[in-house]
Amino acid sequence: MSFLPKPKLHHPKLPTNDLGFTRRDYEGAISTLCAGCGHDSISAAIIQACWELSIEPHRVAKMSGIGCSSKTPDYFLGASHGFNSVHGRMPSVLTGANLANRDLIYLGVSGDGDSASIGFGQFAHSIRRAVNMTYIVENNGVYGLTKGQFSATSDKGSKAKKGTVNTDEPIDLVGIALQLGASYVARSFSGDKAQLVPLIKGALRHPGPAFIDCISPCVAFNNHEGSTKSYDFVREHNEAMNQLDVILGRDAITTEYAPGEVREVTQHDGSVLRLRKLHNQYDPTDRVAAMHHLHERKAAGEIVTGLLFIDPDPQDLHAHLDTVAAPLNRLGTADLVPGAAALAKVNAALR
Amino acid sequence: MPRNAVNDFVVKFANVNGSGSASANQLFAKSILRMGIPIASRNIFPSNIQGLPTWFEVRVSGEGHLGRRGGVDLMVAMNPQTWDRDIAEIDSGGYLLYDSTRPMPASRFRDDVQVIGVPLTQICNTAYTDPRQRQLLKNIMYVGALSALLGIEPAVIEQLLAEQYKGKEKLAKPNRDAFHMGRDWALRNLDCPLGLTLQRADAVGDRIYVEGNAAAALGAVYGGATVCAWYPITPSTSLAEAFERHCKRFRTDPNTGKKRYAIVQAEDELASIGVVIGAAWNGARSFTATSGPGISLMQEFVGLAYFAEIPAVIFDVQRAGPSTGMPTRTQQSDLLAAAYASHGDTKHVVLLPEDPRECFDFGAASFDLADRLQTPVFVLLDLDIGMNDWLCEPFAWDDTRQLDRGKVMSAEELEAGRTFGRYLDVDGDGIPFRTYPGTHAQKGAFFTRGTSRDRFAKYTEVGSAYVDNMQRLLKKFDTAKSLVPHPVERHAAQPTRTGVLYYGSSSAAMKEALSALEADGIHLDAMRIRAFPFHDDIMDFIARHDRVFVVEQNRDAQLRTLIMTEGNIDPAKLIPVLHYDGTPITARYIHAAIADRAAAMKVVPFAGAAAE
């Protein structure tokens, strides 16, 4: 962990965003994770993404479960409310929070133990329920806080630090998210900030269930020879499908691309997801093809990354439930309590 | 000798589950109420949708006793599967009504029971060709026969059918016809009325007849609940379903048709309580409805809500344990599980309604209490109150009442520079202020954890900060004592040193037992407990008496344990009266249990004791 807190003072010429905030305004408490932890890079990417999107920090609710990854919401967006809940149960808490106030941005941060083992059910059901959220799994294939047990995303044949070889099949959360209807599905790597930041931005602007599986090496327990979640292994086997740019309405388009090189997807709020193709045949709007491709490349030993699926016209839980536009937590006595006259009618029908 | 009674007898219907008997039995029950005669009705049913036996018991009580009496005066035996035990259950001198289409050997009857045969199947098969009609209308037909035998006014039945099938004359007519067919056959062929008769009275007043689950759900609507997350489990399912029904009626935006509520049928009870806690954390009133197995599954989350101080409401409609136990039988066996739910040092507010009226009142109040105290609140119903229709006082509401959202700091207050510490006790009542997420751009945000933080929600694992917080939580629980519904005391006709404590669905039987005991010369002061933490009046009551019976419906005397622990009471002083076979406790049972022990302890009137 870092022992020296950063000074609050910063360079007067640090760039500011549309709200007049610098990146520092999106930071949180000092991280207590190990030096070099992939999770800290993801926190930095979240900070960068929120700053670039000019999101008001207090309009974000940060939700997490238990584990190293779930500690991180304390380390970014210090002006946001956060909730460090129960192991594997962040999805239900986030779902409830979302039902209470549909106007905030919900950012769920979880880990592979939290989402693929103890919370596998809640992960799955929050996705199929189409909660409007950004759900990031900081995936290191290992239980860090309890010192190095395999998690359910550990690859078969992967070796633990103490030498044990994993014999269980891994759960691919991206595959599950695709199957259960997530409308924005990405995989990235904590060591590739250029890829990760735009993926987080796209997810935050996505009005439906957005899932990012972010491989994030554990420097203490899963970064050795024989691990399939180490920095070296992931760099060697990373196969990016595309490079994303998130373009907000007012941004000028500056780069020129050759025809066929770029695919653009416009989201509900007018933001444009521009995907520079790195893989010729890949169509990120075709769910079935995405699932097929994922399995195919996995069999070939590759880790497929990038924006793997996007539904440009998603629906969320509030649409399914047909709730009023006003946040439920803002409705008052007059909106909610039927009153004595209505009760008299109820009584009359019960005699 | 056949029994003779006016407005005081028990009729039991033995049916096959899924045969459509429920609405006919309801019609029978309601017609008696409409004649101004109080009734207490209970479903006794299996964990099954179709085929297994089910019973419906109607206690007619001109005196107004609403507990289960025990015993049967008239059995309507419509289920061949349970014939023998149904016949055996009839009190000597009672009556048996059965479908006499198929002749039965004399050996299947009892000499001390008057047998009334009505060839229901035969009448039905003559009148109808459609098999479904034959089955459904046979039920209405026995109601017709009963109306002749017991003296139910046919106009009352016709009125009820008209109300039930309002605007659907196509359905009303065959029901009306079947009713008269049964009634006419009885009048022509049987000696009407029986020794058991109904006489119009004026003892119902403006009371309503409703089940506790529906009432609790209505309480949730009036309490301002907007989020409900639940997992289907008997006997609580009809609570969540009633909430949806009430919300469709009362919470649909008249202009847009959109919903001012959100209901999620979750994947399990863990998710249910998680959704509730997430929504409550974010400022929406939310609840779940469950039963004992669900309470077990929710334990971890309930503890988090206690420590993180999140207002969640949990309706627990109790049943006999465990998961594969007797889901359709009643008990009061979750009291300790609710009061001390979770790990670590936790205790929770528990409300104990006695009937549907209190299910409504406490249902609504639970949301104010949860917000005021920022803690989970359990409302403990049981199957007996929850799934049976009870005669109770009508629902009432004061239109000047506002939802009490408790201590929530607003953007204006934050802007004005008011100090905000999420776990800071500013008023001395142990209750801190909270903020809803998104309130203010710079102020009032905090990171929610169970513990390991200071008064300003900053991370710390320092022991003194932990203790400081735990002591404040105790203070808050002490504040709760005066806010929860107070106990209700009923003084004996004569001064006495013996008391009785009871709660929830035992109340009706207790009331009746107290009158019977009084008639025997056994006088008891009685106190009905309505909430945990215990109000000081309860400890005063115990102190004022030499011995106190504690009546409850579980094996381990859970209320007694809770009183002993929380009040530091000598166990010898509290005498348990326990009923836990899954059927509702009866006045006869309480009467016998207390009379027996009172005799052994020589409980005699106070004045007499002084003279000895």
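**A tour of chains A and B**

Select residues 66–214 of chain A: the end C-alpha atoms lie 17 Å apart, and the span is 33% helix and 23% strand (helices, H or I of at least four residues, and strands, E of at least two, are DSSP runs numbered from the N terminus). The model is predicted: local features need pLDDT of at least 70, side-chain atom pairs count only at pLDDT 80 or more, and totals for chains, interfaces and linings use all residues. Residues are numbered from 1 along each chain as its sequence is written, and chains are lettered from A in the order in which they are written.

Next, show the interface. In chain A, 48 residues are in contact with 54 residues of chain B (C-beta atoms, placed from the backbone, within 7 Å). Helix H3 (90–100) of chain A is among the contributing elements; H3(A) gives the largest share of that side, eight residues.

Then select S2 (81–84) of chain A. S2(A) pairs in parallel with strand S17 (residues 447–448) of chain B over two bridges (pairing requires at least two DSSP bridges). Opposite Phe83(A) stands Thr448(B).

Move to strand S22 (residues 547–552) of chain B. Five of its six residues are buried, so S22(B) is largely enclosed by the rest of the structure (buried: 20 or more other C-beta atoms, placed from the backbone, within 10 Å of the residue's own). Select Val550(B): Leu501(B) stands opposite, and in S23(B) the bridge partner is Pro576(B). Strand S23 (residues 574–578) of chain B runs parallel to S22(B), joined by five bridges.

Definitions and conventions
A residue is buried if 20 or more other C-beta atoms lie within 10 Å of its own, exposed if 12 or fewer, and partly exposed in between; C-beta atoms are placed from the backbone. Two residues are in contact if their C-beta atoms, placed from the backbone, lie within 7 Å.
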